[in-house]
Amino acid sequence: MQKIKTGHSIALAILLLAASLPAMANDGIDARIDESIRPYADAVAGFIFSSFPVAGVQIPFVLVWLIFAATLFTFYFRFINFRAFKHGFQLVRGDYSDPLAAGEVTHFQALATALSGTVGLGNIAGVAVAVSLGGPGATFWMILAGLLGMSSKFVECTLGVKYRNEYTDGSVSGGPMYYLSKGLAERSEKLKVLGKILAILFAIFCVGGSFGGGNMFQANQSFTQLVSVTGGDASWLADKGWLFGVIVAALVGLVVIGGIQGIARVTSKIVPLMAVIYVTAGVIIIIMNLTEVPAAFASIISGAFSAEGIAGGVVGVLFQGFKRAAFSNEAGIGSAAIAHSAVKTSRPVTEGFVALYEPFIDTVVVCTITALVIIITGTWNPSVDPSQGVALTSAAFESNISWFPWVLTVAVLLFAFSTMISWSYYGLKAWTYLFGESLITDVVYKLLFLFFIVVGSSMQLGSVIDFSDAMIFAMAFPNILGIYFLLPVVRKELDEYWSDYKAGKLKKFGKAANRA
Amino acid sequence: MSKVLLVGVDCSKCSNRALQYAADRAEVSKVQLIVTHVIDWSPFSFNTPQENEERHKRREAELDRAHKEIIDPIVSELREKSIFARGVIRHGHPAETLSGVAEEFGATNIIIGKTGSSKIKTQLFGSVANTLVQISKVPVTIVP
């Protein structure tokens, strides 16, 4: 019975999508969708990125908000991002995993799932944009933001596990909605109200973010790349963004509505492989041009502090680096806490240690490799159209490995797909937090999600990027504000655990026990 | 001195022969027989968030199924023959887990059947029997 129902709803979803595209007139659909959405997108982006001038550059408040928090967390937890780095690795490796809990979600699995939601287009397209607009120096600030972001992830994910909901059937659900409402309620009666408001705000923005950065941005950039490898403007696909959108929406629909988990499962196995191929190709190009590396690093360092010809000078460079790092690793945004909450552990803080690796791998490793390739190959150029994010990275790889754009296209499509699957999950969790769990609310959300895939493929990059950024960054306001009240909770968890760890009271298992 | 034997079962025909062999030996020498079933699972797999959310539920279902369909019937049959049998179900890498359970219960011999996979497949992926022979700290008996 359930099967038949889901079958029906897929058909319904695809029909609805088709009907939502005005009469399938061949050209102009993209332009019309873009035209009708753009004013709203611009208005939302304008509001979220309200900025104030610093040294002649307009700095969005939200960016200061994120970086300030990450820096504060780094100091408050006495450089947890460095001192727990080794222990985090031991946890991921399974040194402390009780064999009797085999079969439950491990630290590695929670981290891998969260990573597949963040490693993706931000690392490929976003970095290209940062280096183009901010010059090589943006890389320096990007890495710094990645290192500080580790502390933000530590706090979020610890709270995510601590205040998650565990249902009687054993399934778990966690994330900022829960720690904001439950955590603040625990502090005091007055904060209870604030917590509830923050949780609702977060959930609203999270739904928006799932339509924006987790969806439209992905659809848009993967379509752009597909067009560019099939011949650019001359490509048959060039004006058929809506068609691409419908196809992707149908595939995503099969997974999220049709419950065809097989597709998602296969993707989740291929995506890590694509990430490895991407990083390997990047490293190969770096090695091929080893003589250029010192100069590249020199330009990264010097560019970070003296920016000639970059809009806004040093502050402008810093802004580009920080912005792209935050968009790529989502530290402080709260999304990852949803994915990390599924882990099996009795000590919430352990997942915080593991989460340190997320911004590290995402930003400090993968983004830096992309940036180095772009700088070494000299593909970055302030006069290059920055809205060509993926295309720029693609050109950088192509200049050394001529056939790589095709591989990159496959990687981009898969990254986009897996990020959409992850974000549809994050968005749905937030949606059901707002509207309750029922088949109808479920299907309504999923249909909206599919609809935005089509919209995202049809719009111009500029407005998509602005709207996506806006929605994702908006999540940081309620999330971080709530976290400030919960810092003592995390500190207590950390101190208790750390003294046990230092005293050797934590039990190691398996090979790790023999090593000790 | 009480001895313990361990037999790995996965419900295939091969492991039935292994089980028969183990039961005969346990009956003759009056030793405890640990009947072990390993549910293939890796702590380093890549999952979707949906899979992670439902993992605990799935795990319970897998354990329940393994109990009802594999281990419980075998153990009760063995006990009817007055063999001192005990069932163990674990998640993990089959060979490593069998070796671990053997160590845990102090088994002096591990008995398993051959999986009967093709030569090419074994060449590519190895087999439980081959791996077990390499890593086990106690003698392994492979029943053809």
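Some conventions before the details. Residues are numbered from 1 along each chain as its sequence is written, and chains are lettered from A, with ligands numbered from 1, in the order in which they are written. As the model is predicted, local features need pLDDT of at least 70 and side-chain atom pairs count only at pLDDT 80 or more, while totals for chains, interfaces and linings use all residues.

I start with confidence. pLDDT is the predictor's confidence in each residue, from 0 to 100. Chain A has a mean pLDDT of 84, with 89% of its residues at 70 or more. Residues 1–7 of chain A fall below 50, and beyond near neighbours in sequence this stretch has three contacts in the model. A contact here means that the C-beta atoms of two residues, placed from the backbone, lie within 7 Å. Residues 21–27 of chain A also stay under 50, with five contacts beyond four places in sequence. Where pLDDT is low, the predicted coordinates should not be read in detail.

Now chain B. Its secondary structure comes to five helices and five strands; these are DSSP runs numbered from the N terminus, helices being H or I with at least four residues and strands E with at least two. From the N terminus on, the order is β-α-β-α-β-α-β-α-α-β. Of the 144 residues of chain B, 39% count as buried. Buried means 20 or more other C-beta atoms within 10 Å of the residue's own, exposed means 12 or fewer, and partly exposed is in between, with C-beta atoms placed from the backbone. Among contacts in chain B with a separation of 6 or more, 76% are between residues 24 or more positions apart.

Which strands pair with β4(B)? Pairing requires at least two DSSP bridges between two strands. Strand β1 (residues 4–8) of chain B runs parallel to β4(B), joined by three bridges, and V7(B) has I111(B) as its bridge partner. As for β4(B) itself, residues 109–113, four of its five residues are buried.

N130(B) sits in helix α5 (residues 128–135) of chain B. It is partly exposed because 15 other C-beta atoms lie within 10 Å. Its C-alpha atom is 8.7 Å from that of A95(B), 35 residues apart along the chain.

Next, the cores. A nonpolar core is a set of buried Ala, Val, Leu, Ile, Met, Phe, Trp, Tyr and Cys residues joined through C-beta atoms within 7 Å. The largest has 168 residues, and W141(A) and F202(A) have the most contacts inside it. Its largest share, 17 residues, comes from α19(A). Apart from that core lies another of 32 residues, including V9(B) and I110(B). Leaving out residues up to four places away in sequence, W141(A) touches A304(A), V317(A), L318(A), G321(A) and F322(A).

Between the chains, the contact takes 30 residues from chain A and 23 residues from chain B. Elements of chain A that each supply at least two residues to its side include α12 (261–288) and α19 (404–435).

Last, two backbone angles. Most residues other than glycine have a negative phi. R78(A), in the loop between α3 (61–76) and α4 (80–83) of chain A, has a positive phi near 45°. F79(A), in the loop between α3 and α4 of chain A, has a positive phi of about 55°. R78(A) is exposed, with 11 other C-beta atoms within 10 Å, whereas F79(A) is partly exposed, with 13.
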